[in-house]
Amino acid sequence: MKKVQKHFKQEALDFDEIIKRSIPFYRQMLEAIIDQLIFPKNSSPEILDLGTGTGEIAKNILIRIPDANLTIVDFVPEMLQVAKNKLSSIVRRKNQVRYIEADFSKWKFDQPYDAVVANLTLHHLKTERDKKVNYQMIFKNLKSSGILCVGDIILGTDKMLTELYIEKWIKFQFANKWSKKEIAERMQRYKTEDCPASLVNHLKWLEEIGFVKVDCFWKYYNFAVWGGRKG
Ligand SMILES: C[S@@+](CC[C@H](N)C(=O)[O-])C[C@H]1O[C@@H](n2cnc3c(N)ncnc32)[C@H](O)[C@@H]1O
């Protein structure tokens, strides 16, 4: 975890530029998540954003649902500070956004939520058990009919598919002007720091835990958005 924190601390100020050049259709991914957050007009749903980074999802939630109450969690204070600066001109009232500096895998949820979102962050949880425990914790703290929506990097269901996905991802990075050396470093970092799982496993775990209406909402090779509801 220390390595992951160090990297995001170093990247905090440039993250918004880096992510667009690193993740294919990053904007579409965010939109696919926000599209799942359907609430009655003028309501104030409680929404939790895990691994919020520089607050891009939070910003787009507030644009779409201006009265939402947000809790945003990240373990890198420099990322949270960028998020805070970004959101300051969008919030409608004091304390509309709670900023929590914490490791979300250890953080004790302190209220029930109408929605939990997490983009490009759950792959930092190391083991299958860590991922399932995290989903269980989310399920427990969702309100009835609340939604979980996750965007993340995934594996294929076999080696051949996974290799194809990586090939496509590397092509995207070349097209976005990363040098050969930079791509090699980034792929090495992916290999040593990231622990993605297959989409089918994620969907299976959600159903096992009790989520309903489990589905994949968007996908481009090894990037996908999925989720489910509580009851
Ligand atoms: C790739 S960024 C994604 C940021 C944001 N969700 C987005 O889509 O732009 C991953 C973020 O998750 C945070 N993160 C990773 N693991 C975490 C953990 N266990 N607890 C809290 N934050 C975590 C990192 O600090 C980083 O800001």
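How many bridges join strand β4 to β5, and do the strands run parallel or antiparallel? Strand β4 (residues 113-119) and β5 are joined by 6 bridges and run parallel.

## Basis of the model

This is a predicted model: local features need pLDDT of at least 70, side-chain atom pairs count only at pLDDT 80 or more, and totals for chains, interfaces and linings use all residues. Residues are numbered from 1 along each chain as its sequence is written, and side-chain values use heavy atoms, with hydrogens and water left out.

Helices (H or I, at least four residues) and strands (E, at least two) are DSSP runs, numbered from the N terminus.

## The sheet

The open sheet has 7 strands, in the order β3-β2-β1-β4-β5-β7-β6. Its pairing is mixed; two strands pair if DSSP finds at least two bridges between them. β3 (97-101) and β6 (212-220) are the edge strands, and each pairs on one side only. On average, neighbouring strands of this sheet are turned by 15 degrees against each other, direction ignored. Axes here are lines fitted to C-alpha atoms, for helices over the stretch in contact, and angles run from 0 to 180 degrees between N-to-C directions.

Strand β1 (residues 46-50) pairs with β4 in the parallel sense, over 4 bridges. Here isoleucine 47 faces alanine 115 in β4. Helix α4 (residues 56-64) packs on the sheet and touches β1, β2 (69-74), β3 and β4. Contact means heavy atoms within 4.5 Å. The direction of α4 makes about 175 degrees with that of β2.

Strand β5 spans residues 142-153. Of its 12 residues, 9 are buried. The classes are buried (under 20% relative accessible area), exposed (over 50%) and partly exposed in between, with a 1.4 Å probe and protein chains only.

β4, helix α6 (residues 128-140) and β5 make a right-handed β-α-β unit. A crossover is right-handed if, with the strands pointing away from the viewer, the path from the first strand over the helix to the second runs clockwise. With strand β7 (residues 223-229), β5 runs antiparallel, joined by 7 bridges. Cysteine 149 has glycine 227 in β7 as its bridge partner.

## Valine 150

Valine 150 lies in strand β5. It counts as buried because its relative accessibility is 0%. Leaving aside neighbours within four places in sequence, valine 150 is in contact with Ala118, Leu122, Tyr135, Ala224, Val225 and Trp226. Tyrosine 165 is 15 residues from valine 150 along the chain, and their C-alpha atoms are separated by 19 Å.

## Helices α1 and α8

Helix α1 (residues 2-11) packs with helix α8 (residues 180-193) at an angle of about 145 degrees. Their axes are 11 Å apart. Lys3, Val4, His7, Phe8 and Glu11 in α1 meet Arg186, Arg189 and Glu193 in α8. These contact residues divide into 2 nonpolar, 1 polar and 5 charged. Ala, Val, Leu, Ile, Met, Phe, Trp, Tyr, Cys and Pro count as nonpolar, Asp, Glu, Lys and Arg as charged, and the others, Gly among them, as polar.

## Positive phi angles

Asparagine 42 is not a glycine, yet its phi is positive, about 65 degrees. It sits in the loop between α3 (26-34) and β1. Asparagine 42 counts as exposed, at 69% relative accessibility.

Lysine 213, in strand β6, also has a positive phi, near 55 degrees. Lysine 213 is exposed, with a relative accessible area of 65%.
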